[in-house]
Amino acid sequence: MEEPVDAEPLDTRVAHLALVRRACGLPLQGQTANTGAIAGVVSDPSGALVPRAAVVINSQGTGEKRDLATDAEGNFLVQFLTPGNYDLTVRAAGFEPFILN
C-alpha cells in the first residue's frame with residue numbers, strides 16, 4: 001500500500017517522500033504479542049527509490065526511539081519493538097520530511 005503525499009513537480013528541488021509500508025498496519029503498531037516490527041520502502045513521487053534516507057521511529061507510549069537509514073534500494077526494517085503506536089519520520093536531502101503519526 002502506498003501513502004503518497006502532495007506531489008510537486010520533480011524539477012522543483014523540494015519534493016515529498018512517499019512511503020510504501022509493509023508489515024505494519026494503521027496506526028503503526030507492533031505485530032506480535034511480545035515484539036513487533038515496522039518495515040517499508042521509501043520512494044519519491046515518481047516511484048524512484050530513495051537510498052540512505054534517515055528514518056526515525058518513536059514510540060508514542062514509551063518514548064523509545066530508533067534511528068536508522070534506508071539501504072541502497074530504499075528499504076528499512078526495525079525489529080523488536082514493544083507493541084504500541086509509533087510515529088515515523090523520514091528525511092532525505094532535497095525532500096521535505098515525511099511524518100506519519
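This briefing covers the fold, surface, confidence and one residue of a predicted protein model. Local features need pLDDT of at least 70 and side-chain atom pairs count only at pLDDT 80 or more, while totals for chains, interfaces and linings use all residues. Residues are numbered from 1 along each chain as its sequence is written, and side-chain values use heavy atoms, with hydrogens and water left out.

**Fold and surface**
- The protein chain contains 10 strands and 0 helices; strands (E, at least two residues) and helices (H or I, at least four) are DSSP runs, numbered from the N terminus.
- Of the 101 residues in the chain, 36% are buried, meaning under 20% relative accessible area with a 1.4 Å probe, protein chains only.
- Among contacts (heavy atoms within 4.5 Å) with a separation of 6 or more, 53% join residues 24 or more positions apart.
- The accessible surface, from the Shrake-Rupley method with a 1.4 Å probe, is about 5,600 Å², and carbon and sulfur atoms hold 53% of it.

**Threonine 89**
- Threonine 89 lies in strand S8, residues 86-91.
- Threonine 89 counts as buried because its relative accessibility is 13%.
- Beyond neighbours within four places in sequence, threonine 89 contacts Ala54, Val55, Val56, Phe98 and Ile99.

**Confidence**
- The mean pLDDT (the predictor's confidence in each residue, from 0 to 100) is 77 for the chain, and 67% of residues score at least 70.
- By element, mean pLDDT is lowest in strand S3 (residues 18-22), at 42, and highest in strand S6 (residues 65-69), at 97.
- Residues 1-16 have pLDDT below 50, with 36 contacts in the model beyond near neighbours in sequence.
- Residues 18-27 also have pLDDT below 50, with 40 such contacts.
- Where pLDDT is low, predicted coordinates should not be read in detail.

Notes
Buried means under 20% relative accessible area, exposed over 50%, partly exposed in between (1.4 Å probe, protein chains only).
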